Amino acid sequence: MRINKKKFIYLISPNKIYPKFYHDLKKVLDTGKVGLFQLRLKRYSLKQKIVIGRKIQKICKKNGVKFLINDDPTLSKKINADGCHIGQKDMSITEARKIVGNKIIGVTCHNSINLAKAAIKRKANYIAFGAFFNSKTKKTAYKANLALLRWARKKINMPVVAIGGINSTNYKKILSNGADFVACSNYIWNNSELDPVSAIKRFK
């Protein structure tokens, strides 16, 4: 998986697809800051996810953004997404690989070097550490620190995503310590002060 230093944002969908979402997504991706987009929807049917996924996929393709599906390699294959992201409680990388083939597979490794090493061994395409800060999107059961990113920069040759409460005031610290991508959701889609485009433009 190639890294474009300018496209350092790993954007995660809002929990709810609101009426103006697709319009906002086009404008957000048009800023050229997003490298990866993950569709993470918990309360939608498979049918709804397929319809939503296909619309997002077109927008991502136009902007050269890799489109990933959270937790569901089968859905990823069905809509021919660029890959999927799996957590520790989802299916194994080996099982996911059988479904998606040589597409991108990313793995949540929480705050664990051992989980990262296991993901590397099983040929994941990127690993995600977090949470680095308190997040409104997800309850933070695991707390990751900057030393983990420094370890990854020295020891592994694989893209690293940092997740959890990342915003325009703390992201530089994360990138300068070794992360290739900063994952954002709440700060972009549910910001009480800024619309999505203004929020993403705060990342310089």
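**Helix H1 and its surroundings**

So, helices H1 and H2 are roughly parallel to each other, where roughly parallel means an angle under 35 degrees. Before I go on: this is a predicted model, where local features need pLDDT of at least 70, side-chain atom pairs count only at pLDDT 80 or more, and totals for chains, interfaces and linings use all residues. Residues are numbered from 1 along each chain, and side-chain values use heavy atoms, without hydrogens or water.

Okay, the helices. H1 covers residues 21-29 and H2 covers 46-62; their axes come within 10 Å and cross at roughly 25 degrees. Axes here are lines fitted to C-alpha atoms, for helices over the stretch in contact, with angles from 0 to 180 degrees between N-to-C directions. Helices (H or I, at least four residues) and strands (E, at least two) are DSSP runs, numbered from the N terminus.

Who touches whom? On the H1 side we have Phe 21, Tyr 22, Leu 25, Lys 26 and Leu 29, and they meet Ile 52, Lys 55, Ile 56, Ile 59 and Cys 60 in H2. Contact means heavy atoms within 4.5 Å.

Now look at Asp 24, also in H1. Is Asp 24 buried or exposed? Asp 24 is buried, at 7% relative accessible area; buried means under 20%, exposed over 50%, partly exposed in between, using a 1.4 Å probe and protein chains only. Beyond its neighbours within four places in sequence, Asp 24 contacts Tyr 18, Trp 189, Pro 196 and Val 197.

Last, the strands: 8 of them close into a barrel, E1 through E8 in order, with parallel pairing. Two strands pair if DSSP finds at least two bridges between them.

Technical notes
Angles under 35 degrees count as roughly parallel, over 145 as roughly antiparallel, 65 to 115 as roughly perpendicular and the rest as oblique.
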